[in-house]
Amino acid sequence: MSIVDPPIDSPPPVPGDTVAGTGGKYLTGQDIRTLVLAALGGALEFYDFVIFVFFTAVLSRLFFPPNMAEWLVQVQTFGIFAAGYLARPLGGIIMAHFGDVAGRKRMFTLSVFLMALPTFAIGLIPTYATVGFLAPILLLVLRILQGAAIGGEVPGAWVFVAEHVPRHRVGFAVASLTSGLTAGILLGSLVAAGMNAFYSHETIMAYAWRLPFMIGGVFGLIAVHLRRWLEETPIFEAMRRERRLAEALPLGLVLRRHSAAVLISMLSTWVLTAGVVVVILMAPTLLQTRYHLAPLTVLIASCFANVGLCLGCLVAGAAVDVIGVGITLAIGCIAMGGATWLLFDVAASAPAWLLPAYSFAGFCVGVVGAIPSVLVHRFPAAVRFSGISFSYNIAYAIFGGLTPVVVTLFMKQGVGDMPSLYVGALSIVGTLIGLGLMRRTSARAG
């Protein structure tokens, strides 16, 4: 496949297809080993990135003046959280460039190392009580460094596993990697729940909040070690041998020749952010602050939601390989919108049912496991890393980064159902994308 050839949209083999590593039907032992190591490393790195959100309420009290209005503190804390997303494009574009010209594996390993350092440093920085306004500035800088690292991790992970496995198993492979990444959120939930179970609120405020970040730094170094055992993708090795690597700037080729692919990828990423950011990352804080539910109760329910998310990703990925990405995305997005509405309705009227409602919502958000399949089939191999990284990170920076601030501000203005409305609107967008992919596949088959 040349740099200007259109990529494929469905699993059946196409002459010149370079989406997957082999043409076999089943995952080999080497494929499974690659998936396990990649997913485990991704889980540890994603833990580093998301542990921040589970301690938002604590950080907001430690890093801002005590006399500041609570809603303003929450907005500013979510703003620092968003800064990590806004920094993703820079790190992602740079790493993707070298991933397309120098190798997938190198950048896949470097991203973990660059995440471990700022995560560990967050556990060491002084608070507002010690250094005043320098405290939130330091927190902001370290969050930006985290964002730059994660910007190369997620697209690189999808490209890495997609180019290793048989073409008929790409859907499940990238979904299993996504499940591994979301397992990092589960790990964060478990750590946060354990902290609240074993430490008093006073102890957490005094020093124990630092422990999850310091542990995260250690996790990052473990992930670096794990990825030393991975091998370069067969597709990149073949392109290097045959001198088919992009000779021009990969991102320039993406912008000039694959604008439609960029648009579809960005819209799909927007749908992904709606489910993950609102239902998985924001909801624990919202359930505590708006619905006044006990922190430990919410965190336990959040753990079950993350288990549901991991399982949902695997189901979505398997469905992609069997029935196609279009129908999987369309049905899954409808379920995600309905389950999100149910979650917040239960929180307001029947909190005793929070655990099953949140678990179900997490499972339905698992439709995001189908979205990487949309992205990896949009771009040819020579510019795949750059195409996915640019589209995904720009969209996540805009939509994922600003979502917490926008949702919080609308709720402050009295739109209490804003979380459900936002996810519902993006579920409609995802359904339309799925229907569009189904129509394109049917037209090609006809």
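Predicted model: local features only at pLDDT ≥ 70, side-chain atom pairs only at ≥ 80, totals over all residues.
**Overall build**

Let's start with the whole chain. Its secondary structure comes to 19 helices and 0 strands. Taken along the principal axes, the C-alpha atoms fill a box of roughly 65 × 40 × 40 Å. The radius of gyration is 21 Å, which agrees with the value near 22 Å that a compact globule of 446 residues would have. Of those 446 residues, 61% are buried. If you look at contacts with a separation of 6 or more, 87% of them join residues 24 or more positions apart.

**Helix α3 and its two partners**

Two packed helices are described by the angle between their axes and the distance between the axes.

Take α1 (residues 29–54) and α3 (residues 70–86): their axes come within 10 Å and cross at roughly 165°. Angles over 145 degrees count as roughly antiparallel, so α1 is roughly antiparallel to α3. The crossing of α1 past α3 is left-handed. On the α1 side the contact is made by F49, F52 and V53, and on the α3 side by T77, F78, I80, F81, G84 and Y85. Sorted by type, the residues of this contact come out as 7 nonpolar, 2 polar and no charged.

The other pairing is with α18 (residues 384–412). Here the axes of α3 and α18 are 8 Å apart, and the packing angle is about 170°. That makes this pair roughly antiparallel too. The α3 residues involved are W71, Q74, V75, F78, G79, F81, A82, Y85 and L86, and they meet Y396, A397, G400, G401, P404, V405, T408, L409 and K412 of α18. The residues of this contact divide into 12 nonpolar, 5 polar and 1 charged. F78, F81 and Y85 turn up in the α3 list for α1 and again in the α3 list for α18.

Now zoom in on T408, which sits in α18. With a relative accessibility of 9%, T408 counts as buried. What does T408 touch, leaving aside its neighbours within four places in sequence? The answer is Q74, V75, F78 and M282. Q74, V75 and F78 belong to the α3 side of the α3–α18 contact.

**Around helix α8**

S179 lies in helix α8, and it is buried at a relative accessible area of 8%.

Is R167 buried or exposed? It is buried, at a relative accessible area of 16%. From the C-alpha atom of R167 to that of E153, 14 residues away along the chain, the distance is 22 Å.

Y199 is in the loop between α8 and α9 (201–208). Y199 is partly exposed, with a relative accessible area of 28%. Beyond residues up to four places away in sequence, Y199 touches I204, Y207, A208 and L211.

**Two exposed residues**

H292 lies in the loop between α13 (259–289) and α14 (295–323). H292 has a positive phi of about 55°, although it is not a glycine. At 66% relative accessibility, H292 counts as exposed.

S349 is found in helix α15 (residues 325–349). S349 is exposed as well, with a relative accessible area of 54%.

**C-alpha separations**

Here are the C-alpha pairs side by side, with their spacing along the chain.

| Pair | Apart along the chain | C-alpha separation |
|---|---|---|
| R167 and E153 | 14 residues | 22 Å |
| Y199 and W209 | 10 residues | 9.8 Å |
| S349 and Y291 | 58 residues | 9.7 Å |

Technical notes: Residues numbered from 1 in each chain as written. Heavy atoms only, no water. Axes fitted to C-alpha atoms, helices over the stretch in contact; angles between N-to-C directions. Helix = DSSP H or I, 4+ residues; strand = E, 2+ residues; numbered from the N terminus. Parallel < 35°, antiparallel > 145°, perpendicular 65-115°, else oblique. Left-handed = near helix turned anticlockwise from the far one by under 90°. Contact = heavy atoms within 4.5 Å. Nonpolar A, V, L, I, M, F, W, Y, C, P; charged D, E, K, R; others polar. Rg over C-alpha atoms; globule rule 2.2 N^0.38 Å. Buried < 20%, exposed > 50% of the residue type's maximum accessible area, 1.4 Å probe, protein only.
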